[in-house]
Structure formats: structure tokens, C-alpha cells
Amino acid sequence: MAEIENLQKRPLASLSWPLETLVLVQKLLLAMGGLLNMFSWTGHPFVDGGLAALLLYSEKTRPEELTQEDIEKAIKFASELYARKDWSSSYLHALLFPNSGLLMANPSMAKKRTPENIAKNLESLLNEKEDPNAPICEICGRRHSRSKPVYRSEFPLIGSGGVPNYFPSGKEGANICSHCLFLVQFLPLILYRLRRLLLIHTYPPELMLELHREALKDVRLTKLVSSGRGYQRPENFLFTLLTEVTIKTEREELWENASITLYYFTNPNRERPKMMIIHVPSSVTRFVAHAARHDLSGWKRIVAMGWKKGSDEKSSPNEVYLKLLNGESILPYFINVAKRRTNASWDLLSFYCTEVLGLDEKALEFIKEVGDRIVETLKELPDNKLSARVRELERAEKLYQFEAFFVNLEKLRQRLGLKDPLLTFDEFARVLTIYGEDLEISWRTVRNLLLFRIYEKLHDRLAKIEASEEAEFYGAGEEVEE
Ligand SMILES: [Zn+2]
């Protein structure tokens, strides 16, 4: 016994014992701790969702930490909910497992539907004997599939039985093992019920636990499926969750290469099933995590610019969220032209440009430097002239107008007697073509970055000028001199 205790402290690989002995020792250790080592992450969203539910319910993080007792308790908890009429008919049968015999959601089973009977079904599924002649499970690849084919009553969205051409094996169902099927039965506990059902599948899987923790908490508290705080749009809910979870979670490495996919679906009894898949680019996840941790108020101001007037945070589309998901630039949202101010720090802007837009760091530094030279020139001007010059850049809608801004500024430098030109010819060419071949995108990107720098340095003065111009305009009724 003492020897086995010592073994637990040493990695098994470091022992020079024959393989069979190692396997035996490992089994013994598992049995001693009551651990199961029965489940693992599969990469399939629904099966992983069920596993996440078991882990969250047991307050564990890794599948190998689950014990027999954890599973028994989870079965009891789920069965009690699934036997309730509100869960059974308007959720399980109506949206997820139509006519399921396993969870007794089939309306004809109403009389026999008790927590004990549902629990019995789940237990016998888990203990089902493996048929060594059956094909390997198409999901986990670790066990033989059930001899009985599995279809959409018990596993969402995989087609109904009796339509063999739907399935790769040509059978009346998919080749899925009893363990994968068992896990899926716990999926209802952690879904968010918005207009449809929302599952957030992630790599690394630990992130999924963080993003679905709230759903299980709601279920424990209210005995109802989580409504995801009443959000009606999955992406709005996701960005809110991401922002909060990143601040709460200490482990920065969770976000580094995180991959997040949203499955927004229904598997209804009568209507056609629906499914929307939203992939969140990992650069976007990294950006949101960085923004939430390092410049939360800046990030909030950027998001605020994405709402249209009269928008509702839970049900209206937000331009910033949609552009981030569609791979479009949100650079214009970093500045507020109407108020002539920046919305975030240069650090966040720089992170966005390099990590998400893929702008070269040196190019960014160069634009920043040009911005500083522009500021150096502009600040020499009297108030009324300064405001007009900045407006020239703000209103540049065509490339020639953008070019004219630089030419005029160069002349101004000479008039003011400032040393050195604003830009050499090479630098000028660089400003215009720095962002690749597409001129339409390139110079607008540079313009936004330059405005950012100008607002950052000159906002206070510009705001004061604006205020006095307004006072003059409304006070004396005179023309404002530009
Ligand atoms: Zn499997």
C-alpha cells in the first residue's frame, strides 16, 4: 500500500516497468480514488456541451476528475428536472429531443414519466455493454457504437430514423457510442434559451466552462432553463459574457489561441430544424480579452458607438460586434469625430491594428510619427485656423482631398518657418500606400489613425474652440469666421 501511495506522487512514465504492469497500476489508482476516466473532450459541440454540464455540476474542471458519485448525483439532478412538465414538453420535446424515449419526453409517456424512471434509463445507457463487432463511434473514436442506431430524438440535428441515405453508414441512424449519447442528455442543463438555443463551443474546453457557468447557476437557482439574461441576439450576449469573463478569469493563457464557435439552433418536433453557426476569429477573442483587461472604458465607448439611436442592448444589432465577426474594420469607431475625441488608448488602438487588422508594427509607428509632426504644425495655429485645418482632414472623402491636406500643411510649415518638411517625397508615397494595394481602404485607414493622434493630443483645445464658436454663433448671430 505504501508503495502505491508513493507511486501516486511520481509520474508513471518515469518508471521502467513493463506496460501491462503500468496499466494495471493505473487502473488500481483510479479505482482507489473512485475516479472514472470514462469521458474526454471530443471536439463535438453537443457531446462537449454535455460533458461541460457534468463538470460544472460537479464543480470540477477536467473530465478525468469525475467520480462515480459525481455522475450519480448529476443523473439525479437532471432526472428530477426532466420529469417536470415545463421541461419535458415545452423544452425537451419541443426544441431539443422531440419524442425522446430515453428522457421520456414523448407525450405518450406522460403517465410513466417520473424522475426514477428517467434516471433508470440514463443509468442503463451508461452501463450498456459494448458490442466489439459494432463500428467505432463517429464522435469520440474511442469506443464501439451502440448496436441500436441513434437519431434526432436523442441526439439533436442528426436526421430522423428511417432515412438511411442521410447517414454515412447507410443505416437508419448515426454510429454513436453509449457514452457520447449519455453525455448529450446533459446538454439541456447548460444551454441558453434566447430566441433559439445557444451553445458556445470553445478551444480550450475550459473556456466553455467559464462561458456556460451562468446557465447552470440559473438552473440551480430557478429550476428553469437559463434565458441568458433576456438577450435576443447571440452575438450581443457573447460579447457581454466575454468582456465579463475575461476580467474575472485570472488565466490569460486561456485567451491566447482561443477558438470560439456559437451554435444557435433548434431541433423542434414539427417545424424544420434551424441552425446558425457563428465563428469568432481568435484574433477578435484576443482583442476583446485585451480590451476588457487593459482599457475597459475605452472598449465600452467603442461598443457604444456601434448602436443606432434608440437601440436596445439585448435585441438590436450592434455595428461593432457585427463588423468584428465579419472581419470588417472597426477602426472608425476608435474616434468620435462629432466630439473630436478618441474613444480608447493608443495602446488598445495599436493592439487592434496589429493583432486584428494585421497592420505591420513599423508601419503603425511611422503613422504615429507623422501624426506627431502634424500636431507639431497644427498647434502653432490660432484657434479659428486650427479648427478649420482639422476639419479639412475630417471631411476628406476623396483621395485628392486627403493629398491636398498634406500639401497645404507643407505650405503652412514654410510660412510658419518650421524646420524640415512635414514629409519627404518617399514618406508621402508611403502614407498613401502603406495599407496594401487597395487605395480606397489604405488612405482612409491612415486618415483615421492620424485623426486619432490629433484628437489625442489636441482634444482639449479643439473642444474649447468648439464651445466658444458655438457661443459666438448663437450669442451674436454673426458668421463664424473659418
Ligand atoms: Zn463516442
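Analyst: Of the 482 residues in the protein chain, 34% count as buried, where buried means 20 or more other C-beta atoms within 10 Å of a residue's own, exposed means 12 or fewer, partly exposed is in between, and C-beta atoms are placed from the backbone. Please keep in mind that this is a predicted model, in which local features need pLDDT of at least 70, side-chain atom pairs count only at pLDDT 80 or more, and totals for chains, interfaces and linings use all residues. Residues are numbered from 1 along each chain as its sequence is written.

The protein chain has 19 helices and 6 strands; these are DSSP runs numbered from the N terminus, helices being H or I with at least four residues and strands E with at least two. Among its contacts with a separation of 6 or more, 65% come from residues 24 or more positions apart, a contact being two residues whose C-beta atoms, placed from the backbone, lie within 7 Å.

Now to the close-up, serine 226. You will find serine 226 in the loop between α8 (205–222) and α9 (234–248). Serine 226 is buried because 21 other C-beta atoms lie within 10 Å. Leaving aside residues up to four places away in sequence, serine 226 touches Tyr192, Arg193, Glu214, Ala215, Asp218 and Val219. Leucine 191 is 35 residues from serine 226 in sequence, yet their C-alpha atoms are 7.0 Å apart in space.

Let's follow the chain on to α9. Helix α9 packs with helix α11 (residues 282–294) at an angle of about 55°, and their axes are 8 Å apart. Axes here are lines fitted to C-alpha atoms, for helices over the stretch in contact, and angles run from 0 to 180 degrees between N-to-C directions. The two helices, α9 and α11, are therefore oblique to each other: angles under 35 degrees count as roughly parallel, over 145 as roughly antiparallel, 65 to 115 as roughly perpendicular, and the rest as oblique.

On the α9 side, Phe239, Leu242, Thr243, Thr246 and Ile247 meet Thr285, Val288, Ala289, Ala292 and Arg293 of α11. Sorted by class, this contact of α9 with α11 has 6 nonpolar, 3 polar and 1 charged residues. Here Ala, Val, Leu, Ile, Met, Phe, Trp, Tyr, Cys and Pro count as nonpolar, Asp, Glu, Lys and Arg as charged, and the others, Gly among them, as polar.
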